[in-house]
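Trainee: Could you show me how to read a few features of a structure, taking each general idea before the case at hand?

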Amino acid sequence: MTQYGEIVIDDKCHTSEPGIFAAGDVTTVPYKQIVISMGEGAKASLAAFEYLLSHEVVDTESESAAA
Ligand SMILES: Cc1cc2nc3c(=O)[nH]c(=O)nc-3n(C[C@H](O)[C@H](O)[C@H](O)COP(=O)(O)OP(=O)(O)OC[C@H]3O[C@@H](n4cnc5c(N)ncnc54)[C@H](O)[C@@H]3O)c2cc1C
């Protein structure tokens, strides 16, 4: 986070935590406006989709129930 409490993101809305994305006013994106937040939300969802395509999803609930 920055000194202003904003979540630091890169161009594709990745945070420093893999698989966690952020968008809008809560982030370091400049110009806090509605249309900017809408675009950032679209970018974050596409980045999350891309992440899911390239990472195996582990069902931890089923794993712990089976144990
Ligand atoms: C007074 C004012 C006037 C503005 N006028 C304009 C304007 O004329 N034109 C313009 O383009 N922009 C304007 N803005 C800026 C615009 O409102 C923001 O850029 C935009 O709303 C940001 O959208 P967002 O989805 O990122 O965040 P937000 O709209 O703030 O949405 C965040 C949501 O998350 C919810 N939330 C917070 N914490 C939690 C939690 N722990 N769990 C679950 N939910 C949570 C909040 O209740 C909120 O609903 C104005 C802002 C203000 C304050």
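Mentor: Let us start with the core: the largest nonpolar core has six residues, Ile9, Cys13, Phe21, Ala23, Val29 and Ala44. Such a core is a set of buried Ala, Val, Leu, Ile, Met, Phe, Trp, Tyr and Cys residues joined through C-beta atoms within 7 Å, and a residue is buried if 20 or more other C-beta atoms lie within 10 Å of its own, exposed if 12 or fewer, and partly exposed in between, with C-beta atoms placed from the backbone. In soluble globular proteins, nonpolar side chains tend to be buried together. This is a predicted model, in which local features need pLDDT of at least 70 and side-chain atom pairs count only at pLDDT 80 or more, while totals for chains, interfaces and linings use all residues. Residues are numbered from 1 along each chain as its sequence is written.

Trainee: Which residues does Phe21 touch?

Mentor: Two residues are in contact if their C-beta atoms, placed from the backbone, lie within 7 Å. Leaving out residues up to four places away in sequence, Phe21 touches Cys13, His14, Thr15, Ala44, Ala47 and Ala48.

Trainee: Is Val26 buried, exposed or partly exposed, and why?

Mentor: Val26 is partly exposed, because 15 other C-beta atoms lie within 10 Å. With residues up to four places away in sequence not counted, Val26 touches Glu6 and Ile7, and the C-alpha atoms of Val26 and Gly5, which are 21 residues apart along the chain, are separated by 7.8 Å.

Trainee: What share of the protein do buried residues make up?

Mentor: Of the 67 residues in the protein, 12% are buried, and the C-alpha trace spans about 50 × 25 × 15 Å along its principal axes.
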